[in-house]
Amino acid sequence: MDEQDLRERVNAKIFPHPLNAWYAAGWDWEVNRKQILARTIAGRPMAFYRTEAGRPVALADACWHRLAPLSMGTLVGAEEIQCPYHGLRYNASGRCTRLPAQETLNPSASVPSFPIVERYRYVWVWPGDPTLADPSTIPDMHQLDDPEWAGDGLTIEAACNYQLILDNLMDLTHEEFVHGSSLGQDELSQSEFSTRLESDNHVSVTRWMIDVKPPAFWAKNMRDLDPDFDGRVDRWQIIHYYAPSTICIDVGVAPTGTGAPEGDRSKGVNGYVMNTITPDTERTSHYFWAFMRNYRLDSQKITTELRNGVRGVFGEDEAMLKAQQRAIDANPDYAFYSLNIDAGGIWVRRILDRMLQAEGRLGDSSPTVPSDARALTDAARDPNGPVADAGERSAR
Ligand code: FES
Ligand SMILES: [Fe+2]
């Protein structure tokens with residue numbers, strides 16, 4: 001493959017999304033029998049509900065007859081959904097079971113049904129080729145329903161392409177600037193980090209900050225564990241990306257000198273920031289997140305405080321991502337450039353590029369070709385560009 005083509009593609013600003021993948025369609029409680037859920041997953045409008053037996057169902061949200069949205073319809077019997085317009089009924093596999101105005105069922109009368117699995121407090125759906133849907137490839141988010149972890153989360157309807165959220169989570173040096181009052185500290189961009197390709201679809205980015213003053217968010221969490229704590233800490237951030245769009249971040253602090261970098265975290269506080277991002281349209285995304293912790297599991301007060309605290313932090317990201325998407329759209333001729341800090345994000349883009357290639361869908365969104373003066377200047381300064389540099393590495 002031409003290295004220049006690859007470089008241009010992985011620096012694309014708006015990324016198409018793979019279809020042959022599991023995406024979180026919603027929290028388990030959002031899919032129920034009271035209200036049919038209408039949600040677009042990877043560009044495909046779907047209607048979600050449960051059968052009487054509790055099994056989740058995902059059907060295309062357009063009736064076979066005249067394409068009225070089934071999500072405006074009603075549930076009937078054990079598993080059927082009735083179109084709101086002329087009353088056609090479908091079973092959970094999408095096959096039409098009743099045509100009110102005629103007796104013979106047209107054999108082609110059906111709507112697509114999508115593979116669906118409930119796991120880790122989410123309902124996951126596969127918008128692509130159903131013969132490839134293997135539930136063992138659902139990303140590992142076990143902390144969400146593991147009794148050793150407690151916590152909760154929310155959904156952000158983000159006004160940006162899903163790839164911008166992945167970039168945001170793969171490089172946490174932005175905390176210093178975007179989350180200065182809660183998580184930010186100078187050491188974020190001054191400390192070393194390493195990026196590893198763990199497997200075909202798993203990338204990790206590890207950063208340790210040794211003997212630092214904990215920022216406000218972590219000082220509070222340490223005091224939840226030990227009200228008298230007022231010392232320095234070793235802080236870690238270990239980012240795990242699972243293709244196509246799940247990022248679980250192992251985060252925490254422990255009092256300096258208690259052995260956390262060597263593996264003993266018992267004196268510290270450990271959290272997992274669980275993020276899974278589902279493309280909606282090209283410029284909007286469903287962003288499901290939760291913050292899980294492994295200490296003081298029974299405290300609902302701490303769960304609520306953490307959820308509210310992280311909601312505030314992620315609100316800062318949401319505003320930045322929306323503004324970034326607007327600027328991208330307003331400046332179509334300007335290119336993206338990558339820095340050392342983008343090493344993890346570049347791996348993500350390479351993996352997505354490979355998935356899209358396998359689906360034959362690389363042409364879905366045109367890559368950005370540097371065409372302005374700024375691009376040419378930077379290209380001249382850095383002839384090898386960022387892609388060639390994106391392997392396992394340490395920065396500073
Ligand atoms: S559009 Fe659904 S029954 Fe006519
Ligand atoms: Fe952030």
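A residue is called buried at under 20% relative accessible area, exposed at over 50%, and partly exposed in between (1.4 Å probe, protein chains only). The structure is a predicted model, in which local features need pLDDT of at least 70. Residues are numbered from 1 along each chain as its sequence is written.

**Exercise 1.** Determine which atoms coordinate the iron ion (ligand 2) and why their arrangement is irregular.

*Solution.* 
Step 1. Donors are N, O and S atoms within 2.8 Å of the metal (3.2 Å for Na, K and Ca); water is not among the atoms, so sites may look incomplete.
Step 2. The 4 donor atoms subtend angles of 58 to 146 degrees, which makes the arrangement irregular. Four donors count as tetrahedral if all angles lie between 85 and 135 degrees; four count as square planar and six as octahedral if opposite donors are over 155 degrees apart and all others between 65 and 115; anything else is irregular.

**Exercise 2.** Locate the donors along the chain and state whether His-179 and Asp-317 are buried or exposed.

*Solution.* 
Step 1. The spacing of the donors is H-x4-H-x137-D.
Step 2. His-179 occupies the loop between α3 (175-178) and α4 (187-190), while Asp-317 belongs to helix α6 (residues 300-330), so the pair ties together parts that are 138 residues apart in sequence. Helices (H or I, at least four residues) and strands (E, at least two) are DSSP runs, numbered from the N terminus.
Step 3. His-179 and Asp-317 are both buried.

**Exercise 3.** Find how many residues of strand β3 (residues 44-50) are buried.

*Solution.* In β3, 5 of the 7 residues are buried, so described as mostly covered.

Note on methods: Chains are lettered from A and ligands numbered from 1 in the order in which they are written. This is a predicted model: local features need pLDDT of at least 70, side-chain atom pairs count only at pLDDT 80 or more; totals for chains, interfaces and linings use all residues. Side-chain values use heavy atoms; hydrogens and water are left out.
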